[in-house]
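Student: Could we go through this model together? I'd like to see how the labels follow from the values.

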Amino acid sequence: MEQLLQQVEAYRKEIAEFSVDKDAAETFRIKYLGTKGLVKNLMAEMKNVPNEKKREFGQILNEFKTFAENKYEEIKQMTVNGRQSTVDNTIDLTLPGDALPLGSRHPISIVKNKIVSIFQRLGFTVAEGSEIEDDWHNFTALNLPEDHPARDMQDTFYISQTPDWMLRTHTSNVQVREMEKGKLPIRIICPGRVYRNETISARAHCFFHQVEGLYIAENVSFADLKQTLYFFVQEMFGQDVKIRFRPSYFPFTEPSAEMDISCLICGGEGCNICKHTGWVEILGCGMVHPNVLENCKIDSNKYSGFAFGMGIERIAMLKYQIKDLRLFSENDLRFLKQFTGVV
Ligand code: 2NL
């Protein structure tokens, strides 16, 4: 009995130190767990154990068996596909690596790229700028009077140490800086992220993405604005889509308008998406206010221009029937994976 116990201890030690090479699992199985293995042999010794010790010894043997079986599983794990992992340096470094799964473009990028490429075909070039801006380029140059509600702390994230600076509330700041350079004519498209201090919901977020456009030259008219935006809509949503303009107000344009397109879902018949009007709003636009031109040292008697701005999220929601704005910034792969393959 004493001798048997010593043997079990010795095997335990042996097993614990078992050296793992590429055939280790099978060698181990045959030696310890096979039909002629050590565990079986020990079990066979049970018949020689005195009756009153059978219970105690049986328990020790069972524990030993479990120990050996666990070790066997461990060795198998370490030598997956007969390939040994970390224990020695027999790893085959020439094996091909695991392929990384291919990602997909974010829907905001897909829509932004599409918008930009349509305007590029009309001769617009992309201009980008800083997301942190001073009061002049974000507000004052754009004809927003001191007391305009858009300047309210409610809507704008100011930088507390330098209250003249803020996170831009639109990408118009880029256009102001472009106008200030004094090189005319100007035909630019300005995509980018903008910030507003809103309560986050399915319809509002503290940041979103915008594309603004600006065209300044001699004799630019509202007719040019309409034709440009009509071309954009047909390329973006299809040849049969209709547009309409409604009068509106922006401090930086005069006159100002909001542009609707005929509902993509019902084609104008009336449905939930268009709230049974047959039309959905997609952008704001207008003729650049003479004050804005003069603020940027452009002669408003010689030059005129049009400008427009649209929210990329809004366009993407319409195009892909996305119901909640928050999906764009939550990085949920179940959402993002649905755009795999779209460029
Ligand atoms: C909207 C409306 C608009 C503009 C943006 C603009 C820029 C300059 C001068 C004049 Cl530098 N206007 N931009 C004009 C009209 C509307 O955006 O609803 N955006 C999401």
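This is a predicted model: local features need pLDDT of at least 70, side-chain atom pairs count only at pLDDT 80 or more; totals for chains, interfaces and linings use all residues.

Student: Why is Ser 256 called buried?

Tutor: Its relative accessible area is 7%, and buried means under 20%, so Ser 256 gets that label. You'll find Ser 256 in strand 7, residues 253-262.

Student: What makes the pairing of Ser 256 and Thr 253 a polar contact?

Tutor: Their side chains are joined at 2.7 Å, and the cut-off for such a pair of N or O atoms is within 3.5 Å. The side chain of Ser 256 also has a polar atom 3.2 Å from the backbone nitrogen of Phe 250.

Student: Which residues touch the most other members of the largest nonpolar core?

Tutor: Of its 45 residues, those are Phe 119, Phe 232, Ile 282, Phe 308 and Met 310. Elements giving two or more residues to this core include helix 5, strand 7 and strand 9. Met 310 touches Phe 119, Phe 232 and Ile 282, among others.

Student: How is the lining of the second largest pocket split by class?

Tutor: It has seven nonpolar, six polar and four charged residues. The pocket holds about 260 Å³ of space, and among the residues closest to its centre are His 106, Arg 193 and Glu 313. Arg and Glu count as charged, so Arg 193 and Glu 313 belong to the charged group.

Key
Residues are numbered from 1 along each chain as its sequence is written. Side-chain values use heavy atoms; hydrogens and water are left out. Helices (H or I, at least four residues) and strands (E, at least two) are DSSP runs, numbered from the N terminus. Buried means under 20% relative accessible area, exposed over 50%, partly exposed in between (1.4 Å probe, protein chains only). A polar contact is a pair of N or O atoms within 3.5 Å; within protein, one must be able to donate a hydrogen and the other to accept it, and residues adjacent in sequence count only if both atoms are side-chain atoms. A nonpolar core is a set of buried Ala, Val, Leu, Ile, Met, Phe, Trp, Tyr and Cys residues joined through side-chain atoms within 4.5 Å. Contact means heavy atoms within 4.5 Å. On a 1 Å grid over the protein atoms alone, a cavity is a set of points where a 1.4 Å probe fits but cannot get out, and a pocket is an open set with protein on both sides within 12 Å along at least five of seven lines; lining residues have an atom within 4 Å of a point. Grid points are joined across faces, edges and corners, and a volume is the space filled by probe spheres set on the points. Lists of a residue's contacts leave out its neighbours within four places in sequence.
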